[in-house]
Amino acid sequence: MTTQPTFAERLKADTRATHDSVDNLVMSVKPFDSRANYIRFLNLQSVFHKIVDDIYKNPVLNQAIPDLAQMARYNAVVQDLNDLNQNEYTFNGKLPEPQGNKAVGWLYCAEGSNLGAAFLFKDAKDKLGFNENFGARHLNAHPDGRAKHWREFRRHLNNLGLDADAQNEAVEGAREAFAFYKTALRQIFGLAEDAEATA
Ligand code: HEM
C-alpha cells in the first residue's frame, strides 16, 4: 500500500528542481565576496520579504499557524540595510500580490528559505563580519532552532486541511515565488532576463 504524500512533502518534492536552480543562481553571483554584493543580496531579500510580509500578518493564517506574524523577516532585512547605511531598493516592475492558496505556497517558500539561510548566515559572519545584531539580522535562526521550527511549521501546513485542488494552487504559488526570486535576482545583480547558473 502506498501512502499519499503530505502537503508539506508535496511542496518539497514539486519545487525541488526550482529550489536548486535558485540556490545555484544565488551562489553564482557570489553574495558574500564583497560588501557591494552583499548589499545587492539584501536588496533582493527585501523585495522578496516585502511581498510575503502581508501573508505572514494575515489574520486567518495566524489563527491556524501560531506566532506566524512574528516569523516575518521584512523588518529585519530593512534593519540590515539600514545598518549598512542603505535605503530600501525599489523593484523596477509590479510586485506580485499573492492571494488565497497561492499565498500559502509563497509562505512555504519564504519560511523554508530559513533552512538554507544557515549557510548564508555563516558566510555573512565568516566572510563579512556581520551577525544577528548587525547586518545579518534576517538570517538568524528561529529561537527554537531551524530544524525544530521547520518540523513544527510543516505540521501546521499539513493541518491547514487543504484539499487536492487547494494544494495544487499552493504548489503553483510556491513555484511562482521561486521564479520571482530569480527575476528579482537578475534585475538586482544586472544579469540577462533568462540567466541561469552555468556551474
Ligand atoms: C544559496 C542559497 C541557498 C542555499 C545554499 C539553500 C540551501 C538549502 C538547504 C540545504 C535546504 C535543506 C535544509 C534541510 O533539509 O535541512 C534548503 C531548504 C529550503 N530552501 Fe533553500 N537554499 C538557498 C536559497 C533559498 C531561497 C532563496 C529560497 C526561497 C526563495 C529557498 C527556499 C527553501 C525552502 C522552501 C526549503 C525547504 C524545503 C523543504 O524541506 O520543504 N532557499 N535550502
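V26 sits in helix α1, where helices are DSSP runs of H or I with at least four residues and are numbered from the N terminus. The model is a predicted one, in which local features need pLDDT of at least 70 and side-chain atom pairs count only at pLDDT 80 or more, while totals for chains, interfaces and linings use all residues. Residues are numbered from 1 along each chain as its sequence is written, and side-chain values use heavy atoms, with hydrogens and water left out.

With a relative accessible area of 8%, V26 is buried; buried means under 20% relative accessible area, exposed means over 50%, and partly exposed lies in between, using a 1.4 Å probe and protein chains only. Apart from its neighbours within four places in sequence, V26 is in contact with P31, F41, Y181 and L185, contact meaning heavy atoms within 4.5 Å. The C-alpha atoms of V26 and T6 are 29 Å apart, and the two residues are separated by 20 residues along the chain.

Helix α1 also holds N24. N24 is partly exposed because its relative accessible area is 39%. Between the C-alpha atoms of N24 and Q63, 39 residues apart along the chain, the separation is 35 Å.

The loop between α1 and α2 contains K30. K30 is not a glycine, yet its phi is positive, about 50°. Most residues other than glycine have a negative phi. The relative accessible area of K30 is 46%, so K30 counts as partly exposed.

The nonpolar core comes next. A nonpolar core is a set of buried Ala, Val, Leu, Ile, Met, Phe, Trp, Tyr and Cys residues joined through side-chain atoms within 4.5 Å. The largest one has 56 residues, and Y38, F41 and L139 touch the most other members. Two or more residues of this core come from each of α1 (7–28), α2 (35–56), α5, α6 and α7 (164–188). In soluble globular proteins, nonpolar side chains tend to be buried together. Leaving aside neighbours within four places in sequence, L139 is in contact with Y38, F41, Q45, N114, A117, L120, F121, A124 and R146.

Helix α4 is mostly covered, with seven of its ten residues buried. Those buried residues are Y74, A76, V77, V78, D80, L81 and D83, and they pack against α2. D83 belongs to α4, which spans residues 74–83. Why does D83 count as buried? D83 counts as buried because its relative accessibility is 16%. The side chain of D83 reaches the backbone nitrogen of G135 at 2.7 Å. Beyond its neighbours within four places in sequence, D83 is in contact with N133, F134, G135 and R137.

After α4 comes N85, found in the loop between α4 and α5. N85 is not a glycine but has a positive phi of about 60°. Because its relative accessible area is 70%, N85 is exposed.

The last topic is empty space. Rolling a probe the size of a water molecule over the atoms shows where empty space is left. On a 1 Å grid over the protein atoms alone, a cavity is a set of points where a 1.4 Å probe fits but cannot get out, and a pocket is an open set with protein on both sides within 12 Å along at least five of seven lines; lining residues have an atom within 4 Å of a point. Grid points are joined across faces, edges and corners, and a volume is the space filled by probe spheres set on the points.

About 750 Å³ of space lies in the largest pocket. Its lining has 31 residues, and H19, G112, S113, G116 and F178 lie nearest the centre of the pocket. The elements giving two or more residues to this lining are α1, α2, α5, α6 and α7, and the largest share, eleven residues, comes from α5. By class, the lining of the largest pocket has 15 nonpolar, nine polar and seven charged residues. Here Ala, Val, Leu, Ile, Met, Phe, Trp, Tyr, Cys and Pro count as nonpolar, Asp, Glu, Lys and Arg as charged, and the others, Gly among them, as polar.

The structure holds one cavity of 30 Å³ or more. The volume of the largest cavity is about 40 Å³, and E111, N114, L115, R146, H149 and W150 line the largest cavity. Two or more of these lining residues come from each of α5 (100–128) and α6 (146–158). The lining of the largest cavity divides into two nonpolar, two polar and two charged residues.

Terms used: A polar contact is a pair of N or O atoms within 3.5 Å; within protein, one must be able to donate a hydrogen and the other to accept it, and residues adjacent in sequence count only if both atoms are side-chain atoms.
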